[in-house]
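Here are my notes on the model, as numbered points. Please read them with the structure open.

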Amino acid sequence: MFSALSAKSLFQEILADDRSFRLFCSVAAGGEAQGGWENGRIAALAPAEERALAPKIARHGADEDKHGRIFDALMSKRGLAPVPVPPETDYTMLLERAGIGLAHDRLRRDEPLTVRDIIVYLAHSRVTEQRAADQMSLLSRWFGDDPEIGRAVRMIAQDEDNHLAYTHEELLRLTAAGHGRFVRRTLRACALAEIRVHRDVSLAVMAHMGRILRWSRARSRLLAAGIHALYAYERLGGRRRMVTLRRPDRPDPLGDPAGPAARTPGPGFA
């Protein structure tokens, strides 16, 4: 795997070039927008037993929509337009195809979800928000003071931490309510599928970046080796960080509807 220094240099190179920056932001914006839609539908279809959870799910979706607008605004500030997201880099679509989370055809039907559906949603969110929180924590540490993207990175990182804390809290509540075995089984299945999808998407994104930035064959092979090494580490046990549950430091992290989701950036946000 790569050192933190080499990974930071890689991101600096991607962010410095308009074409690679546009692809990076387009992929990120597309995933956030999809997450916003999914959360909105889940909030609308929450079962009667979980109606108290619906505002938090809606808040989660509003945050994801906001993040998509932030990435669009970052492109707009450079005078760039989004590009179509290559299917092999579409993280959310590939997770759905792997059977992780709630299928889109299920969410399009106006039928209430079950409590088990809510657990599937929360387990999927627990695993994917761990990935997002880890990545945004790194970007915040590396680029939090950057005049172009620093504010955006810090805001998104804070939101992802709140989303992750919320999934811990709700899954612990459902475990205490007698669903512990199903929670654990679902978390494990989600984590195993997510690390495969993350590997495949990372390889695809790096291949596209390599063509844009004209990386040498040797460098591309080295990057691919690092991605495979991370997958091996997670397959052997590193994924445990995705399936353990603990009480968040701050209770009810998504309980304030007037919090960060309400602070919607305008088109000039950066």
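1. Rings of Phe, Tyr and Trp (its six-membered ring) count as a pair if their centres lie within 6.5 Å; planes under 30 degrees apart are stacked, over 60 edge-to-face, and the rest tilted. By this rule, ring pairs join Phe11, Phe24, Phe71, Trp142 and Phe143 into a cluster.

2. On sources: this is a predicted model, in which local features need pLDDT of at least 70 and side-chain atom pairs count only at pLDDT 80 or more, while totals for chains, interfaces and linings use all residues. Residues are numbered from 1 along each chain as its sequence is written, and side-chain values use heavy atoms, with hydrogens and water left out.

3. The structure has 4 aromatic pairs. One of them is tilted: phenylalanine 11 and tryptophan 142 lie 6.0 Å apart centre to centre, with 45° between the planes. This pair links distant parts of the chain, since phenylalanine 11 belongs to helix 1 (residues 4-16) and tryptophan 142 to helix 6 (residues 115-143), 131 residues apart. Helices here are DSSP runs (H or I, at least four residues), numbered from the N terminus.

4. Tryptophan 142 also pairs with phenylalanine 143, edge-to-face, at 6.3 Å centre to centre and 85° between the planes. Both tryptophan 142 and phenylalanine 143 are buried (under 20% relative accessible area; exposed is over 50%, partly exposed in between, with a 1.4 Å probe and protein chains only). The value for tryptophan 142 is 14%. Phenylalanine 11 is partly exposed, at 24%.

5. How do helix 2 and helix 6 pack? Helix 2 (residues 18-45) meets helix 6 at an angle of about 150°, with the axes 13 Å apart. Helix 2 is therefore roughly antiparallel to helix 6 (angles over 145 degrees count as such). Axes are lines fitted to C-alpha atoms over the stretch in contact, and angles run from 0 to 180 degrees between N-to-C directions. On the helix 2 side, Phe24, Glu38, Asn39 and Ile42 meet Ile118, Tyr121, His124 and Leu139 of helix 6 (contact means heavy atoms within 4.5 Å).

6. Two arginines sit over rings. The charged end of arginine 116 is 4.1 Å from the ring centre of phenylalanine 182, and arginine 199 lies over the face of tyrosine 231 at 4.3 Å from the ring centre. The test is CZ of Arg, or NZ of Lys, within 6 Å of the ring centre and within 35 degrees of the ring normal.

7. Histidine 198 is in helix 7 (residues 150-213) and is buried, at 13% relative accessible area. Leaving aside neighbours within four places in sequence, histidine 198 contacts Tyr91, Arg131, Gln135 and Leu230.

How values were computed
Helix = DSSP H or I, 4+ residues; strand = E, 2+ residues; numbered from the N terminus. Parallel < 35°, antiparallel > 145°, perpendicular 65-115°, else oblique.
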